[in-house]
Amino acid sequence: MNFGKFAISALSLALAFSLSGCGKTESTGDTVIKIGSVAPLTGPQTHIGKDNENGARLAVDEINARGLELGGRKVTLELFGEDDQAEPKTATIVAQKLVDAGVVAVIGHLNSGTTIPASKIYHDAGIPQISPSATAVAYTAQGYHTAWRVMANDAQQGRALGQFATGKMGAKRIAIIDDRTAYGQGLANEFEKAATAAGGEIVAHEFTNDRATDFTAILTSIKGKTPDLVFFGGMDPQGGPMARQLKRLGLTARLLGGDGLQNANFVKLAGVDAEGVVASSPGLPIDSMPGGPDFRKRYEAKYGAIQLYAPYAYDAVNVLVAAMTRADSADPAKVLAALPKTDLQGVSGPIKFDAKGDTTGGAITLYEVKDGAWRVLETVK
Amino acid sequence: MDIFLQQLVNGLVLGSIYALVALGYTMVYGILELINFAHGEVTMIGAMVALTVIGALLGAAPDLPGVLVVLAGILVAIPACMALAFTIEKIAYRPLRKAPRLAPLITAIGVSIILQNLAMLIWGRQYVSFPAILPTRKYEFLGANISLLQIAIVVLALAVMAGLWLLVEKTRLGRAMRATAQSREVAELMGVNVDRVISATFIIGAAIAAIAGVMVSAYYGLAHYYMGFMLGLKAFSAAVLGGIGNIAGAMLGGLLLGVIEALGAGYIGDLTGGFLGSHYQDVFAFFVLIGVLVFRPSGLLGERVATRA
């Protein structure tokens with residue numbers, strides 16, 4: 001036997017072993033079901049991304065501890081956490097990687113800008129995607145039967161913000177800044193529509209990006225148009241320094257934002273200049289959520305303080321597993337058929353889907369920073 | 001008018017920070033003809049070290065005056081960056097001094113990536129916030145708001161530039177640097193210890209970068225592990241604008257670039273009727289870079305080769 005033949009036989013032997021290895025776990029009845037979780041785990045949004053993954057992981061660990069049976073066999077869930085760097089380009093690569101790895105469903109992505117391009121890949125592969133936090137209207141408007149979300153979308157949030165700005169906050173001259181991501185732009189546009197409809201005047205619409213830290217130029221330009229409110233569609237790494245620079249330039253306008261600002265990191269970055277900033281968040285405040293305080297206790301015991309969307313990632317996993325249980329299978333096609341009948345009492349509230357895959361009747365809560373922490377102003381339906 | 005003045009002030013503050021970082025690029029280029037792409041990361045390390053010291057000091061003695069705490073941060077960051085730059089030069093660039101010019105350039109990019117990831121491991125991926133301990137007094141000047149911090153940044157930057165000017169023009173080391181820049185071989189024959197001069201150039205550039213790093217994090221109220229990347233590219237553009245290798249050019253280029261950016265981002269939306277928006281802010285630096293490379297590759301002050309250091 002020459003070396004080539006030897007090598008080939010050695011390889012095939014190794015292959016046979018590895019295959020039999022797979023078969024063995026199946027035959028003992030402990031089937032592993034792979035679920036993907038995608039969020040930015042590097043870059044400025046890491047803290048929120050890790051939070052999403054931890055929320056999903058907590059749900060997976062709890063379900064595994066309880067024990068799950070599908071089609072008469074005991075199954076174990078395994079969560080594959082991937083990093084999309086909040087980059088649309090990376091998101092599609094990671095999505096393809098998960099599809100190739102044979103996941104049956106994906107929890108994610110975190111940002112609308114990454115969720116939307118990735119959704120095409122999941123749709124082509126026919127596996128369900130449940131985003132805990134992508135709120136851009138466009139995500140579920142593509143007609144994909146695989147695209148779902150467990151959070152109120154930007155149309156609902158932008159409407160609430162626009163009405164609140166012109167109503168309770170009494171703003172007449174409004175300046176808008178958005179970060180040109182699918183999320184920031186979508187939210188800012190919905191806000192603009194609602195605010196204009198309610199009688200507000202848009203005096204400026206400026207743009208930045210989701211890596212910027214210098215807003216002095218656009219804020220100065222905005223200052224020249226004497227707004228009484230500045231709306232920012234974007235996330236806290238930009239919102240924090242923006243709040244500081246707003247005060248430093250002597251603008252008297254108040255800062256208003258969406259759920260991207262409504263977290264502890266924003267207050268840390270903006271320091272004292274966070275005082276008086278108002279932001280909304282879909283759903284109820286964590287402590288007013290039906291399962292909120294209890295969830296907080298379980299989460300914090302394992303991962304430390306909740307950053308933002310962990311309850312939604314947790315709910316997304318439970319929605320998925322509930323659909324699997326109804327279908328009595330982890331087969332993506334059967335799970336997708338079962339998802340529309342979702343009626344789950346989640347941590348964040350009751351979850352039901354409309355025909356597009358959006359949640360029905362999501363509440364929006366408005367918060368204001370007072371004494372260095374977010375306080376609830378009011379919840380609107 | 002007051003808005004224009006405010007944009008101008010914003011631009012000058014940003015520009016003086018660019019100028020400080022640009023000095024590091026230009027000094028090294030003047031002597032080695034090497035674009036030290038890791039310089040932006042040295043700036044970032046300066047900011048991070050200073051923030052760590054500031055955090056520790058505030059934890060130990062919260063009643064200390066803010067200015068003193070920040071000063072202590074700078075004083076620790078400077079030697080830290082100097083040591084870092086010395087090490088980088090010794091490990092990454094010196095062995096390649098006789099290699100083709102592309103090799104050290106690629107190494108510089110490698111060092112930059114290593115430093116970024118190192119910083120991510122040490123300080124984490126989150127934005128680190130700069131505690132609000134500096135006085136926030138503001139002055140009104142013809143309708144523009146000028147904060148004490150902005151004045152301090154510009155004054156300190158000018159002082160550093162003046163100090164560097166004196167060092168290059170009036171001291172023995174400065175003369176050795178200028179001689180090395182003109183001709184390394186001849187300088188060596190005249191008894192200049194070229195290795196020492198090159199080390200000194202890196203170290204001085206790093207000290208200035210450390211100051212710039214603290215300034216930029218104090219100004220924006222935060223620091224993060226990849227802040228050096230964009231800052232480095234902008235400063236590099238500023239150095240090219242002024243004429244790379246020319247110290248006065250780096251100062252001028254930095255200030256100009258800051259003003260161009262501020263005015264550009266502030267007015268582009270109104271001037272183009274909303275067709276181009278302020279999200280093109282970061283593009284101006286690179287427009288300038290391309291423009292200079294096409295129309296005046298030697299930069300604004302580039303031809304005065306004799307004074308480069």
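Two strands are taken to pair if DSSP finds at least two bridges between them. Helices (H or I, at least four residues) and strands (E, at least two) are DSSP runs, numbered from the N terminus. The structure is a predicted model, in which local features need pLDDT of at least 70 and side-chain atom pairs count only at pLDDT 80 or more, while totals for chains, interfaces and linings use all residues. Residues are numbered from 1 along each chain as its sequence is written, and chains are lettered from A and ligands numbered from 1 in the order in which they are written.

Chain A is divided into domain 1 (19–152 + 288–347) and domain 2 (155–282 + 364–380), the bounds coming from an automatic or database domain assignment. The centres of domain 1 and domain 2 of chain A, taken over C-alpha atoms, are separated by 30 Å. The contact takes 16 residues from domain 1 of chain A and 14 residues from domain 2 of chain A, where two residues are in contact if their C-beta atoms, placed from the backbone, lie within 7 Å. On the side of domain 1 of chain A that touches domain 2 of chain A, helix α4 (residues 112–125) of chain A supplies the largest share, three residues.

Two bridges link β10(A) in the parallel sense to strand β11 (residues 278–282) of chain A. In β11(A), Val278(A) is the bridge partner of Leu256(A), and Ala279(A) is that of Gly257(A). A right-handed β-α-β unit is made by β10(A), helix α9 (residues 264–270) of chain A and β11(A).

Helix α9 of chain A contains Val267(A). Val267(A) is buried, because 23 other C-beta atoms lie within 10 Å; a residue counts as buried if 20 or more other C-beta atoms lie within 10 Å of its own, exposed if 12 or fewer, and partly exposed in between, with C-beta atoms placed from the backbone. Apart from residues up to four places away in sequence, Val267(A) touches Ala274(A), Val369(A), Gly372(A) and Ala373(A). Its C-alpha atom is separated by 32 Å from that of Thr92(A), 175 residues apart along the chain.

A second open sheet, of six strands, has the order β2-β3-β1-β4-β5-β6 (chain A) and mixed pairing. Strands β2 (68–70) and β6 (147–149) of chain A are the edge strands, each pairing on one side only. Neighbouring strands of this sheet are turned against each other by 35° on average, direction ignored. Strands β1 (residues 31–39) and β3 (residues 73–83) of chain A run parallel and are joined by nine bridges, with Asp83(A) in β3(A) as the bridge partner of Ala39(A). Helix α3 (residues 88–100) of chain A packs on the sheet, touching β1, β3 and β4 of chain A, and its direction makes about 160° with that of β3(A). Helix α2 (residues 46–66) of chain A lies across β1, β2, β3 and β4 (105–107) of chain A and runs at about 170° to β3(A).

The contact between the chains involves 25 residues of chain B and 30 residues of chain A. On the side of chain B that touches chain A, the elements giving two or more residues are α1 (2–32), β3 (144–147) and α10 (247–271) of chain B. The largest share of that side, five residues, comes from α1(B).

Conventions:
Axes are lines fitted to C-alpha atoms, for helices over the stretch in contact, and angles run from 0 to 180 degrees between N-to-C directions. A crossover is right-handed if, with the strands pointing away from the viewer, the path from the first strand over the helix to the second runs clockwise.
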